[in-house]
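Colleague: I have a model open and some questions about it. Can we go through them one by one?
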Amino acid sequence: MATLSIENAGKSFGDTDVLKDISLSMDDGEFLVLLGASGCGKSTLLNMIAGLEKVSHGTIRVDGEVVNDVHPKDRDMAMVFQSYALYPNMSVEKNIAFGLEMRGVGRAERKAAVEEVARLLQIEHLLDRKPAQLSGGQRQRVAMGRALVRRPKIFLFDEPLSNLDAQLRVEMRTEIKRLHQTLKATMVYVTHDQIEAMTLADRIAVLKDGRIQQIGTPSEIYNTPANVYVAGFVGSPAMNFFEVTLERDGDQIGVMLPAKLKGVDTPYFLPLPAGGQYHSHIGQPVVLGLRPEMISQATTAAPEDPVITCDVDVVEPTGADTLCVIRLAGRGAKARVSPAFACEPGDSMEFALDMSRACVFDAETGMRLYG
Amino acid sequence: MPQPKGGSSHRTVLDKLSRFLPQLVVAPSFLLILFFVYGFIIWTGYISFTDSRMLPAYEVQGFRQYFRLFAMDRWDVAFDNLLVFGAFYITLSLAIGCLLAVLLDQRIRAEGALRTIYLYPMAISFIVTGTAWKWMLNPSLGIESYIRGLGWESFRFDWIVDKDMAIYVVVIAAVWQASGFVMALFLSALRSVDQEIVKAAYLDGASTTRIYLGIILPSLRPVFLSAFVILAHLSIKSFDLVVALTGGGPGYASTLPANFMYEMTFRRNQIGLGAASAVMMLLTVAAIMVPYLYSELRGKRHA
Ligand SMILES: Nc1ncnc2c1ncn2[C@@H]1O[C@H](COP(=O)(O)OP(=O)(O)OP(=O)(O)O)[C@@H](O)[C@H]1O
Ligand SMILES: [Mg+2]
């Protein structure tokens with residue numbers, strides 16, 4: 001059980017700054033996910049927390065104590081690696097017990113601890129095997145067992161599920177979530193999979209090029225992304241972005257959005273609820289962000305949502321929903337409709353736009369404006 | 001498979017040719033090896049049962065040459081030397097090579113240069129190694145005279161002319177030559193070890209020594225085995241190093257079985273005796289290679 005805080009931490013390899021000015025703090029028992037594209041520095045940050053990489057500047061504190069120069073083994077953290085990193089020459093039992101052995105725990109006590117963890121992870125029947133004799137999923141469990149058995153203050157996970165097939169990944173995700181609820185331990189989890197991040201996290205930190213873009217709960221990240229990058233990275237299918245200009249129409253402030261109907265661009269004025277806050281930006285170019293589910297069939301929409309009519313180019317059924325590709329502001333946009341209302345490609349259809357949840361970003365900086 | 005009619009006879013010839021091409025290409029070298037390696041092994045084995053002296057004779061005499069061989073002090077010395085040489089050569093080369101590899105694995109600067117320096121001795125012929133070490137170890141030219149020149153008059157390092165120590169001089173030169181090669185072998189294996197395993201062991205609280213001894217080196221077992229087999233057969237066929245370094249001397253104190261075989265067969269007109277010693281060497285090699293090949297092949301089939 002521990003709190004973790006990172007203050008202005010940075011990391012350079014020679015001349016390249018891999019991490020810049022990272023600050024975050026975690027409460028006891030929190031599940032934080034570091035989310036970002038490949039190469040953005042997630043593993044490096046995790047290794048710095050674990051003490052496997054030196055911190056170039058800034059401080060890392062555990063329970064308020066600076067641990068910058070504390071040896072990894074004295075930080076009382078356990079890590080699950082992407083490649084599982086099991087010791088190939090040791091049996092599963094030895095693998096799990098190794099950390100305890102190194103800490104001078106007695107044989108009987110070790111055995112009891114290993115058995116308890118094995119029961120928890122349902123790998124009791126595998127204890128005598130070597131890692132080479134295990135399936136990917138089983139190795140994954142052993143790697144988790146090796147971390148669990150030490151009851152560390154902080155758990156670190158580096159993309160632990162990325163080597164598993166899709167079905168097993170979903171299963172193990174649930175299992176990790178259950179473990180967190182049982183242990184109530186502080187956990188940092190690295191992934192590039194936004195669904196994993198959304199389902200597991202108490203809070204998500206989105207990284208890009210070594211900088212934290214936003215830290216927040218999954219719903220904050222999803223509903224009020226700090227910038228275009230976060231908005232585009234989280235959510236599947238991705239948010240639709242339109243380059244538009246803020247305009248005034250009577251006492252309403254909104255944007256003009258051309259929709260393609262029968263091959264012709266037809267402009268619609270879309271008023272922004274609480275548009276008053278954009279007062280000083282009138283006439284400026286902005287980026288309007290609408291998630292696919294904010295563009296839906298007009299039939300079941302709220303009465304105050306503006307309605308547009310446009311051609312449907314492509315229809316992609318996904319089962320629960322059907323995605324319609326339409327053309328707004330000169331580019332393809334995805335709308336999510338209920339299969340019951342989906343039309344044929346080439347037909348035109350009425351869509352309601354949920355402008356109350358729309359995001360408006362500065363066209364130049366990409367940062368979100370207000371709200 | 002149904003074949004289209006017409007020109008089919010032509011095609012079958014080509015088909016056959018392409019099917020047998022690999023065999024055709026390999027056949028000459030296969031025949032040459034069959035004749036010059038295995039043929040002569042059999043011939044040597046046969047000769048060892050005859051009373052051949054200056055020229056081969058083909059009248060079988062039973063195990064007479066072997067009884068003569070085992071009664072000779074010279075053969076005893078050569079075979080004991082092989083045991084001493086083999087044991088020290090293999091263990092020291094493995095130990096030093098492995099240690100160098102682990103040290104180089106610490107991502108030190110100038111690693112490339114050091115690696116080349118250590119590996120170079122392997123590129124030198126045994127004759128050159130032997131000659132260079134002969135000069136260095138010669139009491140009146142090399143290390144001993146140099147240190148005496150520095151003022152330490154009582155210094156002695158005359159193993160090369162000492163009957164009991166001469167074989168250790170051969171060990172020193174041979175280890176110098178081979179450990180760089182062993183190092184290269186181990187270094188490349190160390191580099192392929194998953195770094196996450198090392199990180200995991202660090203977090204588990206293992207010391208660097210413990211990580212190497214307890215986790216990394218055990219996982220390099222196949223490399224140990226290959227290095228052992230290579231060094232073992234190198235030591236059994238060692239010949240030129242002794243010739244260049246000690247000439248087998250003093251007396252015959254530092255001869256190895258290969259030197260013995262050469263001496264008997266080509267210089268003393270004892271072809272039968274030489275053949276018997278050659279067969280003994282072959283059996284020694286086989287005692288090492290057969291279990292190794294067996295375990296390799298069995299491992300393959302199980303994998
Ligand atoms: N030892 C190193 N020396 C130099 N650059 C490095 C080193 N380790 C990592 N980097 C660089 O730092 C950046 C971040 O690497 P890191 O491994 O943290 O990425 P990541 O976010 O974990 O990516 P992935 O999702 O692919 O694992 C990369 O651009 C990488 O090239
Ligand atoms: Mg990574």
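Colleague: How far is a backbone N or O atom of Cys40(A) from an oxygen atom of ligand 1?
Modeller: This is a predicted model, and in it that distance is 3.2 Å for Cys40(A).

Colleague: And what about Ser38(A), how far is a polar side-chain atom there from an oxygen atom of ligand 1?
Modeller: For Ser38(A) the value is 2.5 Å. Thr44(A) also places a polar side-chain atom 2.5 Å from an oxygen atom of ligand 1.

Colleague: How much of ligand 1 does the protein bury?
Modeller: The protein buries 56% of the 630 Å² that ligand 1 exposes when taken alone.

Colleague: Which residues are around ligand 1?
Modeller: Among them are Phe13(A), Val18(A), Gly39(A), Gly41(A), Lys42(A), Ser43(A) and Glu159(A).

Colleague: How does the shell around ligand 1 split by class?
Modeller: There are 3 nonpolar, 5 polar and 2 charged residues in the shell.

Colleague: Which helix gives the largest share of the shell?
Modeller: Helix H1 of chain A, residues 42-50, supplies 3 residues, the largest share.

Colleague: Switching to chain B. At what angle do the axes of helix H4 and helix H7 cross?
Modeller: The axes of H4(B), residues 111-119, and H7(B), residues 166-191, cross at roughly 140° and come within 7 Å.

Colleague: Why call H4(B) and H7(B) oblique?
Modeller: Angles over 145 degrees would count as roughly antiparallel. The crossing is roughly 140°, so H4(B) and H7(B) are oblique to each other.

Colleague: Which residues of H4(B) meet H7(B)?
Modeller: On the H4(B) side they are Glu111(B), Arg115(B), Tyr118(B) and Leu119(B). They meet residues of H7(B) including Phe181(B), Met183(B), Leu187(B) and Arg191(B). The residues of this contact divide into 6 nonpolar, 1 polar and 3 charged.

Colleague: Back to chain A, and the backbone. Is the peptide bond from Ser236(A) to Pro237(A) cis or trans?
Modeller: That bond is cis, and its omega is near -5°. Pro237(A) sits in the loop between helix H8 (228-233) and strand S11 (240-249) of chain A.

Colleague: What is phi of Arg151(A)?
Modeller: Phi of Arg151(A) is near 50°, which is positive in a residue other than glycine. Arg151(A) is in the loop between helix H4 (136-148) and strand S7 (154-158) of chain A.

Colleague: And where is Lys262(A)?
Modeller: Lys262(A) is in the loop between strand S12 (252-261) and strand S13 (264-271) of chain A. Lys262(A) is not a glycine, yet has a positive phi of about 50°.

Note on methods: Residues numbered from 1 in each chain as written. Chains lettered and ligands numbered in written order. Predicted model: local features only at pLDDT ≥ 70, side-chain atom pairs only at ≥ 80, totals over all residues. Heavy atoms only, no water. Near = heavy atom within 4 Å. Polar contact = N/O pair within 3.5 Å; in protein donor to acceptor, adjacent residues only side chain to side chain. Areas by Shrake-Rupley, 256 points an atom, 1.4 Å probe, with all protein chains shown as cover. Helix = DSSP H or I, 4+ residues; strand = E, 2+ residues; numbered from the N terminus. Nonpolar A, V, L, I, M, F, W, Y, C, P; charged D, E, K, R; others polar. Axes fitted to C-alpha atoms, helices over the stretch in contact; angles between N-to-C directions. Parallel < 35°, antiparallel > 145°, perpendicular 65-115°, else oblique. Contact = heavy atoms within 4.5 Å.
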